[in-house]
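Trainee: Could you show me how to read the folding features of a model, one at a time?

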Amino acid sequence: MGKTKVSIQGEAFYINGRKVYEEIEGSRPEAHGLLMNARFIQGVFDDKGDISRYQRFGGTFDPDSNTDELIQALPQWYAYGLRAFTVGFQGGGPCFTIPNDTIHNNPFGDSGTQLDPDYAARMDRLIRAADELGMVVIVSYLYPGQTHRLADGKAVLNAVRTASRFLKQGAYTNVLIEVCNEYDWSRHPLIQQPQGIVALMEIAREESGGMLVGCSGSGGIMNEEICKESDIIIIHGNGQSRQQYYNMIAQARKWSPGKPVLCNEDSQALGQLGVAFDTRTSWGYYNNLTKQEPPVKWGVTLGEDLFFAQRMAEGIGLPVPPIPEEKRYMLQGLAADESYEGKRWIRLAALYPEGIDRVEFYVKQSLVYTCYVEPFTVNFRNNWLQGPWTGDELAEDWLAVVYLKNGEQLEVRA
């Protein structure tokens, strides 16, 4: 029996018999029972293909050190109110720099019957560290970018059994199961079809000894049968406007009322967090650039990470000092260690992006891009994805002009 026991009653999450956040004096009652979380999907990451590719971004990569550094960062996140995070046996991404089909991050082997002992040790260490702190781990079994490494349908069944038996053997009480991250784009028919996911969830529930189970689709993708069969309705908000995200939540509740709705992957578009608090649903921060490109800097980094942490704490009602007005905007992606193969991902981070009408990006006083949708990025694709900038300009050559919806205008430099 662990120190941290997660459970659900109706739409609310409980830790050790109390609604999450209820124990915090002065916290907002509307936040009680939520499980605010972040996508730390690479917490046990390895690449048996070519690990040397991750000696970049001013750091080095080692699988064990990667897990240990995440463990060391957890108290910092906990202090801002984070109570859960998702980590994947098969990882997730990275999405901007290295093609996933060249990565070998599958601990289950071709047949799905074996769990690599190094992965198992890292996952165990991470879950137990979270347990000591009072945090929940959402363990994601399958990632479509890696499921092609499972030989056939039987191997998929075996992998779900193998992961579930590992969790049961560990007797963890602070774990929720995500059978697959975005099942709909897997190459395996058994995973790609909702009927297959329903079967896999049932196997995971039984083999894990009754742990709470769900499964996510891609951003905006949900399925009625999966919602009805899930203990926890897991959704992804990637690529969705605030209105579309709200509509997803409403549809999930219509299909399967009385269950908690938990987003465990969205974007760095913090306006979505406002929708989550308004609808009393749990939200998951996802930032590919700061939290999914190994080697990851696991702490609360300046800019987007800090702004999410602050907004989360404010929504919960945690007493955190306010961020001064002049520090509520940050031009990111221009530091010396943020380039990869001549590419940079430049964006304007903001504490309250909902208040921005548009951002103009200038290089050497010439306008190069205008972005109208949060998060405000150069070469915007959608709220979690942007194209790279390939110029060799210096950080001091850049300027972001921010036009606020109240008519004010300000300039932000790196």
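The dialogue below goes from the overall fold to single residues.

Mentor: This is a predicted model, in which local features need pLDDT of at least 70 and side-chain atom pairs count only at pLDDT 80 or more, while totals for chains, interfaces and linings use all residues. Residues are numbered from 1 along each chain as its sequence is written, and side-chain values use heavy atoms, with hydrogens and water left out.

Trainee: How many helices and strands does the protein have?

Mentor: Helices (H or I, at least four residues) and strands (E, at least two) are DSSP runs numbered from the N terminus, and the protein has 10 helices and 20 strands. Its radius of gyration, taken over C-alpha atoms, is compared with a globule rule of 2.2 Å times the number of residues to the power 0.38; the value is 21 Å, close to the 22 Å that the rule gives for 414 residues, so the protein is as compact as a globular protein of that length.

Trainee: What share of the residues is buried?

Mentor: Buried means under 20% relative accessible area, exposed over 50%, and partly exposed in between, with a 1.4 Å probe and protein chains only. Buried residues make up 59% of the 414 residues.

Trainee: Which residues of helix 8 are buried?

Mentor: Gly271, Gln272, Leu273, Val275, Ala276, Phe277 and Thr279 are buried. These are seven of the nine residues of helix 8 (residues 271–279), so the helix is largely enclosed by the rest of the structure. Its buried residues pack against helix 7 (242–255) and helix 10 (304–316), where contact means heavy atoms within 4.5 Å.

Trainee: Which residues have the most contacts inside the largest nonpolar core?

Mentor: A nonpolar core is a set of buried Ala, Val, Leu, Ile, Met, Phe, Trp, Tyr and Cys residues joined through side-chain atoms within 4.5 Å. The largest has 99 residues, and those with the most contacts inside it are Tyr141, Leu142, Leu167 and Trp283. A second, separate core of 20 residues includes Tyr329, Ile356, Phe361 and Val363.

Trainee: What should I look for in the backbone?

Mentor: Most residues other than glycine have a negative phi, and most peptide bonds are trans. Here Tyr21 has a positive phi near 80°, and at 0% relative accessibility Tyr21 counts as buried. The peptide bond from Pro294 to Pro295 is cis, with omega near 0°, and the bond from Glu374 to Pro375 is cis, with omega near -10°.
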